[in-house]
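This briefing goes through one protein model by topic.

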Amino acid sequence: MSTHFIDDAFTLEIIKSSLTAIGDEMFAALSRTSMSPIIYEALDYSVGVTDAKGDLIAQGNGTTVFLGMIDSLVKDILTKFNNEIFEGDVFLANDPYQGGGTHLSDVAIAKPVFFSDQLVAFTVNKAHWVDVGGMAPGSFTTDATEIFQEGLQLPTVKIFERGEAINSVMDILKANIRMPDSSMGDFWAGMAANSVGESRLHELLQNYGFETVNKAVTELLDYRGE
């Protein structure tokens with residue numbers, strides 16, 4: 001049998017519904033602010049929230065295959081950066097060989113969420129950018145014989161640290177993209193979606209407290225329908 005941590009079933013259901021709403025609102029925010037039709041019309045992206053260990057606890061609609069890679073990305077961040085994760089950091093990744101990557105055009109943006117100076121979650125989105133460089137416009141070709149021809153590789157790097165943009169990384173991105181306005185517009189849309197998720201998580205934690213929310217998340221992850 002599943003171990004129940006919250007006696008009040010109503011509180012558990014409210015927190016569950018709140019997490020669902022957070023995923024839905026992140027999804028809508030990215031769609032509404034994106035500059036590329038492949039995102040705002042084709043909806044070739046996904047959003048999600050993980051706990052501090054990288055386990056997926058909320059998601060929005062979108063490209064299903066991306067959802068299975070959100071937790072892998074966060075776990076890669078935790079392994080790679082360990083004690084170098086700070087409030088205000090933002091991580092960028094598209095490496096298909098680590099962090100649950102697909103192809104280079106699918107760029108993931110992850111933001112750690114802190115509450116009372118404690119890392120409690122990550123808000124994440126993964127979206128198909130219209131161009132990430134490489135030998136062909138759109139970074140999509142059957143003629144490539146090695147990954148270096150497909151575009152710029154981002155092996156889980158920081159692009160913001162403690163709330164400040166790392167401009168050298170920004171410059172590298174812009175210099176390698178044929179349509180920097182569109183792709184960087186999609187980057188800022190992803191940033192906005194993650195910030196929406198962060199704000200809503202803070203509201204939830206302020207209303208119920210970290211201990212109650214954490215117990216609810218543990219119970220929801222443990223649920224097996226018994």
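R200 and E25 form a salt bridge whose closest N and O atoms are 2.9 Å apart. The two residues sit in distant parts of the chain, R200 in helix α5 and E25 in helix α1, 175 residues apart. The model is predicted, and the count of salt bridges in it comes to eight.

**Salt bridges**

- R200 is partly exposed at 29% relative accessibility, and E25 is partly exposed at 31%.
- K158 forms a salt bridge with D89, with 2.9 Å between the closest N and O atoms.
- K158 belongs to strand β6 and D89 to the loop between α3 and β3, so this pair ties together parts 69 residues apart in sequence.
- Both partners count as buried: K158 has a relative accessibility of 11%, and D89 has a relative accessible area of 0%.
- E211 forms a salt bridge with K215, and here the closest N and O atoms are 3.2 Å apart.
- E211 and K215 are separated by about one helical turn, because they are four residues apart in helix α6.
- E211 counts as exposed at 53% relative accessibility, whereas K215 is partly exposed at 34%.

- β4 pairs with strand β3 (residues 90-93) in the antiparallel sense over three bridges, and A93 stands opposite A108 in β4.
- β4 also pairs with strand β5 (residues 118-128), again in the antiparallel sense, over 10 bridges; F114 stands opposite L119 in β5.

**Nonpolar cores**

- In soluble globular proteins, nonpolar side chains tend to be buried together.
- The largest nonpolar core has 27 residues, of which L19, L30, Y45, V49 and L201 touch the most other members.
- At least two residues of this core come from each of α1, β1, β2, β4, β5, α5 and α6.
- The largest share, eight residues, is supplied by α1.
- Apart from its neighbours within four places in sequence, L30 contacts I39, Y45, V47, N125, D186, A189, G190 and A193.
- A second, separate core of 19 residues includes L92, L104, V107 and F160.

**Nonpolar surface patch**

- F10, I14 and Y208 form a nonpolar patch on the surface, with about 320 Å² of accessible area together.
- I14 lies in helix α1 (residues 9-33) and is partly exposed, with a relative accessible area of 39%.

**Positive phi angles**

- Most residues other than glycine have a negative phi.
- S116 is not a glycine, yet its phi is positive at about 55 degrees.
- S116 lies in the loop between β4 and β5, a hairpin with two residues between the strands.
- S116 counts as exposed because its relative accessibility is 63%, over the 50% cut-off.
- T156, also not a glycine, has a positive phi of about 55 degrees and is placed in the loop between β5 and β6.
- T156 counts as buried because its relative accessibility is 1%, under the 20% cut-off.

Terms used
Residues numbered from 1 in each chain as written. Predicted model: local features only at pLDDT ≥ 70, side-chain atom pairs only at ≥ 80, totals over all residues. Heavy atoms only, no water. Pairing = 2+ DSSP bridges. Patch = residues over 30% accessible without salt bridge, like charges linked within 9 Å, V, L, I, M, F, W, Y side chains within 5 Å. Areas by Shrake-Rupley, 256 points an atom, 1.4 Å probe, with all protein chains shown as cover. Salt bridge = Lys/Arg side-chain N within 4 Å of Asp/Glu carboxyl O. Buried < 20%, exposed > 50% of the residue type's maximum accessible area, 1.4 Å probe, protein only. Core = buried A, V, L, I, M, F, W, Y, C linked by side-chain atoms within 4.5 Å. Contact = heavy atoms within 4.5 Å.
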